[in-house]
Amino acid sequence: MRIALVAPGSIPAPTANSIQTMKMAQAFTALGHDLRLYAPGEDPQVAWGQLAQQYGLRHEFPIKWLPRRRFLRGYDYGRATVLDAKAWGADLVYTRNPQAAAFGAQRRLPTILEMHDLPHGRGGPRLLDVFADGPGARKLVAITQALADALRQRIRLPDKLLIQVAPDGVDLERYADLPTPTAARQQLGLPDTFTAGYTGSLYAGRGIELLLELAAHLPEIHFLIAGGREDDLARVRHQASALNNVTLTGFVPNADLPLYQAASDVLLAPYQQQVSASSGGNIAAFLSPMKLFEYLASGRPILASQLPALREVLNEQNATLLPGDDAAAWAAALHALAAEPAQRERLSSAARHSAQAYSWQARAAAILDGLG
């Protein structure tokens, strides 16, 4: 099958939607499909090796950059990608870009729209309607069951449009032979002491303030925080300036991320009730963070906030779930895990087992199932 995958944002970029797009492109390619990835803007002339390192890729695929003028609000980019895909002979348009989805469906190109949040503003619902009513609309993919339910309740969708729930995924093969925490810390030059790790962005609502509060009260535990844009990193560095048990790495290429996760004895996902995405807003009700699946695959015990959306993946068997704003509960859970290696091993084993259901290739195959 020829698949035109239309990226919603710039590539390369350090954003989660950029990483997720590249992982899906690789997954379709690994399944044997002929894929062309479209991205907005001018060709950055980046070598494939650099992209592979940034995104942790093993399978190469072509990328075509097309203009997106800000004052046209993405409609020019959406239209151009669909016209190019049609000329290329695409069998399917797959995208998180609502403009491309609407244009594709209306031009009878088989089109799948993936959504990670409810549509916003006046234009968002209208584009979803245009897509859903188009003769080319095949599926609406929702990142969580909570989002699928909300879409059915709040948006008028035709009965013919299938809504499929597909959580994010992980490259299982990259987590197959991870070093022990001690060995990983030696490779990274980190102190060889009990380590609680966090990987990902430092946007509001990710619980970074909670991590720093824990670090202040648990000086015997080392806190490894890997990721973050420079502006967010500067803010957190200032907040952590008096703490000697915190390591802030800044941005880590996806190819290197498993080693940082392996260096942790426990992995943390302290999401709050209000969680910002790279574009703002509040995605707490619907989020399916890629880090959860990486954490599971790393085989490390997980401490996570008990948000309903996270409970679609995590449970009391494969993680410890805690109130996101209760620092005392998090401190007690960390103390308990540090003192109980048998409990850590039980959670680790359950996490590895859970991860097997969430490979990117399995996700891509499930989404394409039934299209013919």
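## Surroundings of Asp171

Apart from neighbours within four places in sequence, Asp171 is in contact (heavy atoms within 4.5 Å) with Lys23, Gln26, Gly56 and Trp360. This is a predicted model, in which local features need pLDDT of at least 70 and side-chain atom pairs count only at pLDDT 80 or more, while totals for chains, interfaces and linings use all residues. Residues are numbered from 1 along each chain as its sequence is written, and side-chain values use heavy atoms, with hydrogens and water left out.

Asp171 sits in the loop between S7 and helix H7 (181-188); helices (H or I, at least four residues) and strands (E, at least two) are DSSP runs, numbered from the N terminus. With a relative accessible area of 6%, Asp171 is buried; buried means under 20% relative accessible area, exposed over 50%, and partly exposed in between (1.4 Å probe, protein chains only). The side chains of Asp171 and Lys23 make a polar contact at 2.6 Å. A polar contact is a pair of N or O atoms within 3.5 Å; within protein, one must be able to donate a hydrogen and the other to accept it, and residues adjacent in sequence count only if both atoms are side-chain atoms.

## Salt bridges

The structure holds 17 salt bridges, a salt bridge being a side-chain nitrogen of Lys or Arg within 4 Å of a carboxyl oxygen of Asp or Glu. One of them links Arg174 to Asp171, with the closest N and O atoms 3.4 Å apart. Arg174 is buried at 14% relative accessibility, and Asp171 is buried at 6%.

Another salt bridge joins Asp149 and Arg152, whose closest N and O atoms are 3.6 Å apart. The two residues are three apart in helix H6 (residues 145-154), which separates them by about one helical turn. Both ends are partly exposed: Asp149 at 33% relative accessibility and Arg152 at 45%.

Glu209 and Arg235 also meet through their side chains in a salt bridge (3.6 Å, N to O). Because Glu209 lies in helix H8 (residues 208-217) and Arg235 in helix H9 (residues 230-239), the pair ties together parts that are 26 residues apart in sequence. Glu209 is partly exposed at 45%, as is Arg235 at 30%. Through shared partners, salt bridges join Glu209, Arg229, Asp231, Asp232 and Arg235 into one network.

## The seven-stranded sheet

Seven strands form an open sheet in the order S3-S2-S1-S4-S5-S6-S7, with parallel pairing; two strands pair if DSSP finds at least two bridges between them. The edges are strand S3 (63-66) and strand S7 (162-165), each with a single partner strand, so one side of each has no neighbour in the sheet. On average, neighbouring strands are turned by 20 degrees against each other, direction ignored.

Strand S2 (residues 34-40) runs parallel to S3 and is joined to it by four bridges. Tyr38 has Lys64 as its bridge partner in S3. Helix H3 (residues 75-88) lies across strand S1 (2-6), S2, S3 and strand S4 (92-95), running at about 160 degrees to S2. Axes here are lines fitted to C-alpha atoms, for helices over the stretch in contact, and angles run from 0 to 180 degrees between N-to-C directions.

Leu51, Ala52, Gln54 and Tyr55 are buried in helix H2 (residues 48-55). They cover an arc of only 165 degrees around the axis, which puts them on the same side of H2; the arc is that of the directions from the helix axis to the C-beta atoms. The buried residues of H2 pack against helix H1 (16-30) and S3. Gly56, which follows H2, has a positive phi near 65 degrees.

In helix H4 (residues 98-106), seven of the nine residues are buried, leaving the helix mostly covered. The buried residues of H4 pack against S1, H3, S4, strand S5 (111-115), helix H5 (123-133) and strand S6 (137-142). At the start of H4, a side-chain oxygen of Asn97 comes to within 3.1 Å of the backbone nitrogen of Gln99. Arg108 follows H4 and has a positive phi, near 65 degrees.

## Strand S8

Five of the five residues of strand S8 (residues 195-199) are buried, so S8 is largely enclosed by the rest of the structure. Thr195, Gly197 and Thr199 are buried on one side, and Ala196 and Tyr198 on the other. S8 pairs with strand S9 (residues 222-226) in the parallel sense over five bridges, and the bridge partner of Gly197 in S9 is Leu224.
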